[in-house]
Amino acid sequence: MTVADDLLNPPSQGGSARSAPAGLPGAKAPRRANWAWLGLLPFALFAAFFLILPIVYLVTGAFQTPEGTFTFDNLIALTGPAILGSYWLSIKLSLVSALLGAAAGLLLSWALVLGGLPRWVRGAFITFSGVASNFAGIPLAFAFIATIGRLGIVTVLVRELFGFNIYGAGFNLFSFWGLALTYLYFQLPLMVLIITPALDGLKTEWREAAESLGASHAQYWRMVALPVLSPSILGCFLLLFANAFGTLATVYALTGSQFDVVPIMLFAQIRGNVLYNPNLGYALALGMILIAGLSNVLYLVLRSRAERWRA
Amino acid sequence: MKISRIVSLVIVLIAASYFLVPLYATFQFSLQMLRGQWSFQAYRSVFADPNFLSTLSYSAVTSLVAILISTLIVVPTTYWVRLKMPRVKPVVEFITLLPLIIPPIVIVFGYLRLYGSDSLLPLTVSSAGTNLMLVIGYATLSLPYVFRSVDNGMQTLDIRTLTEAAESLGANRSTIIFRVILPNLRAAIVSGAFLTFSISFGEFVFASLLNRPAFGPYLVQIGQDRAYEPAALAVLSFALTWACMVLMQIFANAKPGASRRRRGAAFNPLARRKTA
């Protein structure tokens, strides 16, 4: 029997009961079960060659010398001052932007869901958030330069109206806080999109039950709502963190290679081997996989936990 | 209750101004190219640059081919998994999420090393090979979105009954997939395609490291050389993103069947990653 024949007569059609009279009893069922895997082959090959093998290549390279012998030297070299400083800067920036995004997003989402505002306000913000969370990278950098760059509209307006120079006061778009403010433009809408369903899931019965037991407004939030929401909030925070950690285009368009976050360092390493050791580059990538990967996977775990409350 | 309403009004107003001021400011900035007057000069200058249209169309074509490849891989696989091997679905789903879990720069780094000049399959040494590499890279990046929308779309279809009906009429497997399942998923696929397109037309990291004449690297170049054109390009990009998202929503809502998971593809928390 050929593969084509087998595909034409799938087990779902008849199962063993119908295939038995066809002539090959017994041996047939297990053989068919094996053929079913062939249907996964195109996907499996694509995923292996263009997703899994490239990652495996980098990860194994991180544990090898350029000559190919096993070593921990690359990982130890990650703790050198330049690379460690770069990781620390990345982590700080991602933490700050995730905290800002999560707090602002939670507030906005609370206002939209429970604030008693007209329904269309919520619809407008959700739709806008869908667009804004995808409006990132280079155009976003351009928009912020036109707004609060040195000659940006808002910078100039504030100077002319109030005689106040925000750059003179220490603000700089091309610095840590400037980047954090820019990241907020995609972090805030992302937070709104993912936390709103969780706030929707707070049942009015819970609040009524709490109130009938004599709980105050604050007690309800502290002892009922926040504990229910906390896996979602933590999960969203981790997603925002990973999101900021992997951001490259926005930083690159704003600051070129000046602002040495890990993706920028890796970018420079791929372009010109600035670390003078290809295997150290692999170790740098491994560090990114671990940090971004762990926070994303934790997010997925927390999300499935949070979904229990919405059954 | 009154107080919470005032507080939420204040929050919403602050958020709205944070979102809208940069958009307005960018637009106003883009009109200031000629001293002392408003004009669309920056836009004229953008459209007069032959590199603008050539890089934009290069990126559009690569994105579309990538979406096509990933649809051709995802639809039969999702169908097969749902019909025959529901047990492996979590594995397939996790693999399709990997491009969101692993930063894109790491994936392209892996490509450059695995398919570099001294490898068994040196794709990155020729121009055709690099184009292929970029298309494959975008197909990989689109996997999460395409899988999610196809899977959501398939959830509303009774694929087993459709398959059996088609089989009883004598259809073979590829006829079933391409003439029965695929047309039923059209809206879901198009919706996923617009989402993918909105994030890949300005993608920078893959295009830049593979050294391709795409829109993302072009944007960076203009950002370094010019003052007003970048603002015009940001306005145009925002409009394009907006158009993609609106079209995506329209198609996501056009699915047949009522038990659709609302906003599944659009607002799935992981269903995005900036072009970073």
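The model is a predicted one, so local features need pLDDT of at least 70 and side-chain atom pairs count only at pLDDT 80 or more, while totals for chains, interfaces and linings use all residues. Residues are numbered from 1 along each chain as its sequence is written.

Start with the interface. Here 88 residues of chain A are in contact (heavy atoms within 4.5 Å) with 90 residues of chain B. Together the two chains bury about 8000 Å², with 79% of that on carbon and sulfur atoms; buried area is the accessible area (1.4 Å probe) lost when two parts are put together, summed over both. On the side of chain A that touches chain B there are 67 nonpolar, 18 polar and three charged residues; Gly is counted as polar, while Asp, Glu, Lys and Arg are the charged ones, and Ala, Val, Leu, Ile, Met, Phe, Trp, Tyr, Cys and Pro are nonpolar.

Now for helix H11 of chain B, residues 215–225. Helices are DSSP runs (H or I, at least four residues), strands are E runs of at least two, and both are numbered from the N terminus. Buried residues (under 20% relative accessible area, 1.4 Å probe, protein chains only) in H11 include B:Phe215, B:Tyr218 and B:Ile222. Their cover includes helices H8 and H13 of chain A, along with H3 and H12 of chain B.

Over residues 132–150, chain B is 100% helix, and the end C-alpha atoms are 24 Å apart.

How values were computed
Chains lettered and ligands numbered in written order. Heavy atoms only, no water. Buried < 20%, exposed > 50% of the residue type's maximum accessible area, 1.4 Å probe, protein only.
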